[in-house]
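Welcome, and thanks for taking a look at this one with us. Please open the structure below, and then we will walk through it together.

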Amino acid sequence: MTRKFSKGPLIDGVKDIIAVASGKGGVGKSTTAVNLAVALANTCQLKVGLLDADIYGPSIPMMMKVSGKPEVSKEMKMVPIENYGVKCMSIGFLVEKDAPIVWRGPMVMSALEKMTRGVDWGNLDILVVDMPPGTGDAQLSISQRLQLSGALIVSTPQDIALIDARRGANMFRKVEVPILGLVENMSCFKCPNCGEQSYIFGHGGARRTADEMDMAFLGEIPLEMEIRRSSDEGSPLVFSEPDSAVSIAYNDVANKVVYRLAELTKERQGVQKFCCENMQALGRPGL
Ligand code: ADP
């Protein structure tokens, strides 16, 4: 696929950048980003970074139990703060904890620039970006400027969230970012006393939406008190209870993401090879 949109330069040393996005706030995007990043680092044994681009509501410092001001390297870049094998950067490190973030477009973009290319990420296989919810200016600019390899959409199963998830998917399609797939969060609740399963936010809608929009369905994460508790404690479930059913579901999502990224790399290389051959046929070797 040829890209019509201008992109910023790649971040040095970072192979793939993926966005975790949702059309709506409160559907579990950050929780998914955190557990995905920890699964990619620990289960898939990759070098992983996590960028909290949710500038208006940064929650990564709490969910990853990372705090303090980042140190500055000799090259005058901020050094990410690491925990659970993941290098983290968040606007939450740079502003006072309870201060409102009332920035407008250009300030948002300059802050994001600092948190991406102004960071000493080292060599990373994957940088996971926790996007701000919605499909406004900030989301569009991030998608265009960060050279995303792909985007993963998180939604709850209810129609009102799925309508916004579709909007999110269409935004990525517009800027030609491949969609890695849809994750259904809070899919079902299993009563801890009697074991009965309740589909509080409905059932099957996310899988149907994924089919209708020609996206991969990456899995279902149940509504569980442990997920909420572990997030609040800053101890991602994938790390603290790696053998639980929920962690297995997150690991499955992580494996599918790695597989899809490998496929996309092959496709990209195929397109490059095809272009090189055509340029050679035209007597203009190389691109
Ligand atoms: P978003 O990033 O979409 O705004 P968050 O990840 O911050 O959403 O999640 C919102 C709240 O829901 C948090 O308190 C989080 O702990 C909780 N939460 C997210 N996913 C689940 C889940 N599957 N089960 C229980 N609680 C969840």
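Let us start with D16: leaving aside neighbours within four places in sequence, D16 is in contact with D125, I126, L127, S149, L261 and R268. The model you are viewing is predicted. With one of those partners, S149, the side chain of D16 makes a polar contact through the partner's own side chain, at 2.6 Å. D16 sits in strand β1, which covers residues 14-21. Is D16 buried or exposed? D16 counts as buried because its relative accessibility is 10%, and the cut-off for buried is under 20%.

Now for the ligand. Around it are 16 residues, of which G26, K29, S30, T31 and P222 come nearest. Sorted by class, this shell has 6 nonpolar, 7 polar and 3 charged residues. Helices α1 (29-42) and α7 (225-233) each supply at least two residues of the shell.

| Residue | Distance to a ligand oxygen atom |
|---|---|
| G26 | 2.8 Å |
| G28 | 3.0 Å |
| K29 | 2.9 Å |

Taken alone, the ligand exposes 560 Å², and the protein buries 82% of that.

Finally, here is the protein overall. It has 9 helices and 10 strands, and 49% of its 287 residues are buried. Among contacts with a separation of 6 or more, 75% come from residues 24 or more positions apart. The protein exposes about 14,200 Å², with carbon and sulfur atoms supplying 54% of it.

Terms used: Residues numbered from 1 in each chain as written. Predicted model: local features only at pLDDT ≥ 70, side-chain atom pairs only at ≥ 80, totals over all residues. Heavy atoms only, no water. Helix = DSSP H or I, 4+ residues; strand = E, 2+ residues; numbered from the N terminus. Buried < 20%, exposed > 50% of the residue type's maximum accessible area, 1.4 Å probe, protein only. Contact = heavy atoms within 4.5 Å. Areas by Shrake-Rupley, 256 points an atom, 1.4 Å probe, with all protein chains shown as cover. Polar contact = N/O pair within 3.5 Å; in protein donor to acceptor, adjacent residues only side chain to side chain. Near = heavy atom within 4 Å. Nonpolar A, V, L, I, M, F, W, Y, C, P; charged D, E, K, R; others polar.
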